[in-house]
Amino acid sequence: MSKRAFFYISLLFALTTGFVGGGLHAKTPVRVTEIHSENSPIVTFRVIIRAGSINDIKGREGINALTALMIAQGGTKELRYQEVAAKLYPWAANVDVRPDKEITVFVGNVHRDHLEKFYKLFGDLLLNPRFDPDDFTRNKDLALSYLEKNLRGTDDENLGKDALIISMFANHPYGTAGATVQGLKSTTLEEVKDYYRKTYTTGNVWIGIAGGYPRSLVTRMEKDFSVLPESKFTPVALPQLEKIEGLEVDVVEKPARATAISLGHPLNITRKDKDFYALMVANSYFGEHRTFNGVLMNRLRGDRGLNYGDYSYIERFIGGVNSGSRFPDVNTPLRQQYFSIWLRPVQPENAHFAIRAAMYELSKFVAEGMTDEQFQQTRKFVSNYSKLWAQTLDRRLGYKMDSEFYGTDDYVDRIDKELKTLTLADVNTAIKKYIDPRNLKVAIVADNVQSLKEAILTNAPSPMTYASSVSERILAEDKVISVLPLGINKAKTRVIPVSMLFENESPGHTLHRKDDEGKK
Amino acid sequence: MRRTVGTITFCALTAVSLVAENPDTRNKEFPYPIHQTVLENGLKVISIPFDSPSIISYYTVVRTGSRNEVEPGLSGFAHFFEHMMFRGTEKYSKDAYNEMLKSIGADNNAFTSDDLTAYHTLASAAALETIMDLESDRFMNLKYDEEAFKTEAGAILGEYNKNYSNPFQSIFEKLRESAYEGHTYKHTTMGFLKDIMDMPNQYQYSLKFFDRWYRPEHCALVVVGDVNHERLVGLARKYYASWKRGSYTLNVPLDPPQSKEKYVALPWKAQTLPILAIGYHGPAFSDSKIDMPAMDLLSQVLFSQTSDLFRKLVIEEQAVEFVQGGQTDSRDPGLFNIFTRIKDPKNIGMVRDEIYSAIERAKTTPVSAEKLAEIKSFMKYSFAMGLDNADAIARSVAHYVQLTGDPESVNRVYGLYDSVTPEDIMMVANKYFSANNRAVVLLTMEGDKQ
């Protein structure tokens, strides 16, 4: 079972019948991206709807996700949910949905032995959804449970990451976990149907297909999906972000054995920008995900055994916690990216030290940059490593669509191209230009938070102790780290009961208001 | 990963093996040729050509997992040792090892379970010899001091901590602890928390553990992708031939049959819905007996999304978020685990009774021929669709190597799936699913009224 069931619902469906209505060509042609591979026995569909949680209606936060669930975990006009499941089961085909911030992607995988029948169903789910009231109750329960039970109760690492996003993107459409409790509770089935009619349109739909499909299928899909209401794609305007001043800390309080920590700030750079690739090499050196290459991993875990892992990112990377993949996820693009550091849970008594250690390394990294040797080694690594990312057609298709989203060449090819001409000066300039170690948001998930908050606010020393002797180098560093001033913004450092997170219409905004009320 | 079953018609293989002990895939369930050579010291060298141009997946399978942790107070050591294997040798220090992997752009990691520890590297095929140099060196010459050992113990505790907020870690701990008496499956692969806390004091034992288990006769190399078997064997002889066999003999105590039902109530402080876990003592894996394949089909009969139970509890009554069940293959008799998350604490009893009723029906009601065919088809295509890259294929083969030491088990067990009958399914339902043979863990949030 997926722990992030709400955001990555995997279904095993079967169907022998199903009808995809063929209609007239609309004025706005349906966008298609394809990778045809004659010998591939598996066919992958990635149908993107260019709408995500940023399109949620005020007071109905979560309506985009709920609509997506009603399609992927609902029936068709002809077949109820369980009939769909029963008919498609023998083919072990799957339909996944991931409603994200900017887009919602429906993924279908099927062996080509059953392509024809599967496509009829897959298309029918998207074009003729059933919107059954019983399915609505079930899906709403699932979505609410994800927020109220999973995130608030049983998944501290993702809780910390979402708390960081809510804090970084306060008063911005990105600043939610994809839904709120009150938004979901308020949403009716009629509103979902209306959202579907207005959002699942020819201008918003974007079909991706890869594998050994007959070429005629693409033309057929273009025609079939053109029955959707006519529209042109209009992106949601993204507002200016609030300035971060110093270290602004949110401590989320809940019962917890260990303390989860995330840090970050928005980043005005994406895959379309040349500097992104300079920053990619720098970030790999500092905190490559799930490897022992990064400075953070080696200093915090390798030298000190503080926790299980320590990584950094220059774009959204949501597959990190529960996904089996160690490579960048596909189809989670953002126009406004962010830099983040993920410290996996530490012993509570080491939390303050761990934050300081990460800040010590980050400040050093920005101040000193990389040496030529480090640059050459890391550039070579990223160049080779990135070639492992697109082993399957499904991932290649996902990267290709993401590249089109950003308006750039194929991602893995672009990495190869940019890295060839990259210089050490490019990288060190990019580090200083884009990474700001003085102004960051920090999200901490912890139990018994008052003492931690007090220690952070008073800049209290946080000496580190070890089970065994450690090197003089580490001890000398620890002396500096244990009293490192963090530049805490006391006015914007808050304790938030976990029950407040994900509750109201605009969490970032609401939290500020609640906090102010608390002071009164 | 579980259930990778069936015959498939995959894409044509492009690589041709020159040394082909077993290259013929006709009448085989696994769609790729498996080449195997056993070196004089007992190390198995297995290759599977697969169309992944210029990429290989390189697994070293050690048939040692938490099952091997027979001494009291030392649970979790197989997993701990997996971490220590990244601490370097005299020839390649920890940093040198990482730098070499970095230079080839490799993805490199490891995992441990009940019956195996697997070290895996995904990299360019051109890096094969570099990988074999590095891997053979650490498997033969691992060297670390007590300081490094104690530091790594902190990372193990960190791994335990990162999993802790998910109640399933605690549920698994309690289920196993109550279900087993003396067998080492009593603890999870992470180990008992008290043993994890004591790990920093067990440096000497760690040296003994390496000496016992990191021996060629317990290991297999599984290489999938752009690989030539003859060249692989030549390199294996060059880098691994001096590896000496060990002498330790393992004696894992088998439990007597359980005589009465066991029950554990597990209160939980953080927000959660009630989770009911039921574990029945099932069979050990075998590639010649019908029990385990029949159990796998039974799990589909009872818990697939097309099952009566799923329809009733998830779709119609919407009493649970999910209900699922199955047994993971294991060398010794394992548990068939059932999990369900219940929306309202008041329905715990009703849900439990529905599960038990479905099991009772499976004992007396033969599955229809049509349903059986659907299940076999589902399993066949699940398997086919899972084998779409070199790493997934290597992992699948490693799974069977850990169980029997023979990669051909993959073909034998898949052959058995085709032969499972409705009577076989009823047979295992009657044989393993009695009240006296189960352990039950119920996790509820503190303060919930049931």
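## Domains of chain A

In this predicted model, 29 residues of domain 1 of chain A are in contact with 33 residues of domain 2 of chain A. The domain assignment places domain 1 of chain A at 9–225 and domain 2 of chain A at 247–488. Their C-alpha centres lie 31 Å apart.

Several elements build the side of domain 1 of chain A that touches domain 2 of chain A. Strand 2 (31–36), strand 3 (42–49), strand 5, helix 5 and strand 6 (205–211) of chain A each supply at least two residues. Helix 5 of chain A gives the most, with ten residues. By class, this side of domain 1 of chain A has ten nonpolar, ten polar and nine charged residues.

## Overall form of chain A

Chain A holds 18 helices and twelve strands. Its radius of gyration is 24 Å, close to the 24 Å that the globule rule gives for 520 residues, so chain A is as compact as a globular protein of that length. Along its principal axes, the C-alpha trace of chain A spans about 70 × 55 × 40 Å.

## A helix pair in chain A

Helix 9 (residues 274–287) and helix 10 (residues 295–302) of chain A meet. Their axes come within 3 Å and cross at roughly 10 degrees. The two helices of chain A are therefore roughly parallel to each other. A:Tyr285, A:Phe286 and A:Gly287 make the contact from helix 9 of chain A, and A:Val295, A:Leu296 and A:Met297 make it from helix 10 of chain A. Sorted by class, this contact has five nonpolar residues, one polar residue and no charged residues.

## Contact between the chains

The contact takes 61 residues from chain A and 57 residues from chain B. On the chain A side, the elements that give two or more residues are helix 2 (81–88), strand 4 (89–99), strand 5 (104–111), helix 4 (133–154), helix 5 (156–168), strand 10 (337–346) and helix 12 (372–385) of chain A. Helix 4 of chain A brings the largest share of that side, ten residues. The side of chain A that touches chain B has 25 nonpolar, 20 polar and 16 charged residues.

## Domains of chain B

Chain B is assigned domain 1 (35–240) and domain 2 (262–445). The C-alpha centres of these domains of chain B lie 28 Å apart. Here 32 residues of domain 1 of chain B are in contact with 31 residues of domain 2 of chain B.

On the domain 1 side, strand 2, strand 3 (55–62), strand 5, helix 5 (167–179) and strand 6 of chain B each supply at least two residues. Helix 5 of chain B gives the most to this side, with seven residues. The residues of this side divide into 18 nonpolar, nine polar and five charged.

## The sheet of chain B

Chain B has an open sheet of six strands in the order 1-2-6-3-5-4, with mixed pairing. Strand 1 (35–38) and strand 4 (107–112) of chain B are the edge strands, and each pairs on one side only. Neighbouring strands of this sheet are turned by 15 degrees against each other on average, direction ignored.

Strand 2 (residues 44–49) and strand 6 (residues 219–225) of chain B run parallel, joined by six bridges. Within this pairing, B:Ile48 has B:Val224 of strand 6 as its bridge partner. Helix 1 (residues 77–84) of chain B packs on the sheet and touches strand 4 and strand 5 (117–124) of chain B. The direction of helix 1 of chain B makes about 165 degrees with that of strand 4 of chain B.

Definitions and conventions:
Residues numbered from 1 in each chain as written. Chains lettered and ligands numbered in written order. Predicted model: local features only at pLDDT ≥ 70, side-chain atom pairs only at ≥ 80, totals over all residues. Axes fitted to C-alpha atoms, helices over the stretch in contact; angles between N-to-C directions. Helix = DSSP H or I, 4+ residues; strand = E, 2+ residues; numbered from the N terminus. Parallel < 35°, antiparallel > 145°, perpendicular 65-115°, else oblique. Contact = placed C-beta atoms within 7 Å. Nonpolar A, V, L, I, M, F, W, Y, C, P; charged D, E, K, R; others polar. Pairing = 2+ DSSP bridges. Domains from an automatic or database assignment. Rg over C-alpha atoms; globule rule 2.2 N^0.38 Å.
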